[in-house]
Amino acid sequence: MNTGRGQNKRNWSVEEDRALIETLQEVAIDTNWKNEKRWRDGYLVRVEKLMALKVPMAGLKSNPHIESRWKYLKRKYNVVADMRVVLDSAGLRQQKKFNAIKTSMMNGVRYVVH
């Protein structure tokens with residue numbers, strides 16, 4: 001069996017991904033496992049136990065399965081969140097341009113704001 005980086009990848013089902021996200025949300029709101037600044041020690045073990053209840057036949061372990069998948073999901077989420085910020089700010093600029101053009105037209109001034 002080949003081992004090493006990228007050799008033993010586990011394919012996650014949609015059900016497992018959904019269960020992981022729900023479980024992380026449950027643990028995040030529990031003050032025993034997360035405070036305002038950081039996760040507390042042992043939270044991945046708690047996530048593992050809750051995941052075993054939700055998807056019992058998956059055999060997911062906190063390390064490497066859950067920790068690795070969570071890092072992956074965070075990385076993908078951050079990319080999407082960054083794109084939304086850029087798109088939202090671009091949309092805000094477009095809205096400001098539209099408002100400036102609308103105002104200038106209402107005032108009888110004919111120029112386009114770039």
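Reader: Which are the buried residues of α2?

Author: This is a predicted model, and in it the buried residues of α2 are Y43, L44, V47, E48, L50 and M51.

Reader: How do you know that the length of helix α2 agrees with what a helix should span?

Author: Helix α2 has 12 residues, 43-54, and at 1.5 Å a residue these should span 16 Å; the C-alpha atoms at its ends are 17 Å apart, which agrees.

Reader: Why is W39 called buried?

Author: Buried means under 20% relative accessible area, and W39 is called buried because its value is 18%. W70, with a relative accessible area of 13%, is therefore buried by that cut-off.

Reader: What makes W39 and Y43 a stacked pair?

Author: Planes under 30 degrees apart count as stacked, and the planes of W39 and Y43 are at 25°, with 4.6 Å centre to centre, so this aromatic pair is stacked.

Reader: Why is the pair of W39 and W70 called edge-to-face?

Author: The cut-off for that name is over 60 degrees, and the planes of W39 and W70 are at 85°, with ring centres 5.3 Å apart, so the pair is edge-to-face. Because W39 lies in the loop between α1 and α2 while W70 lies in helix α3, the pair ties together parts that are 31 residues apart in sequence.

Reader: What makes K74 a charge that sits over the ring of W70?

Author: The distance must be within 6 Å of the ring centre, and the charge within 35 degrees of the ring normal; the charged end of K74 sits over the ring of W70, 4.3 Å from its centre.

How values were computed
Residues numbered from 1 in each chain as written. Predicted model: local features only at pLDDT ≥ 70, side-chain atom pairs only at ≥ 80, totals over all residues. Heavy atoms only, no water. Helix = DSSP H or I, 4+ residues; strand = E, 2+ residues; numbered from the N terminus. Expected span 1.5 Å × (residues − 1). Buried < 20%, exposed > 50% of the residue type's maximum accessible area, 1.4 Å probe, protein only. Phe/Tyr/Trp six-rings, centres within 6.5 Å; stacked < 30°, edge-to-face > 60°.
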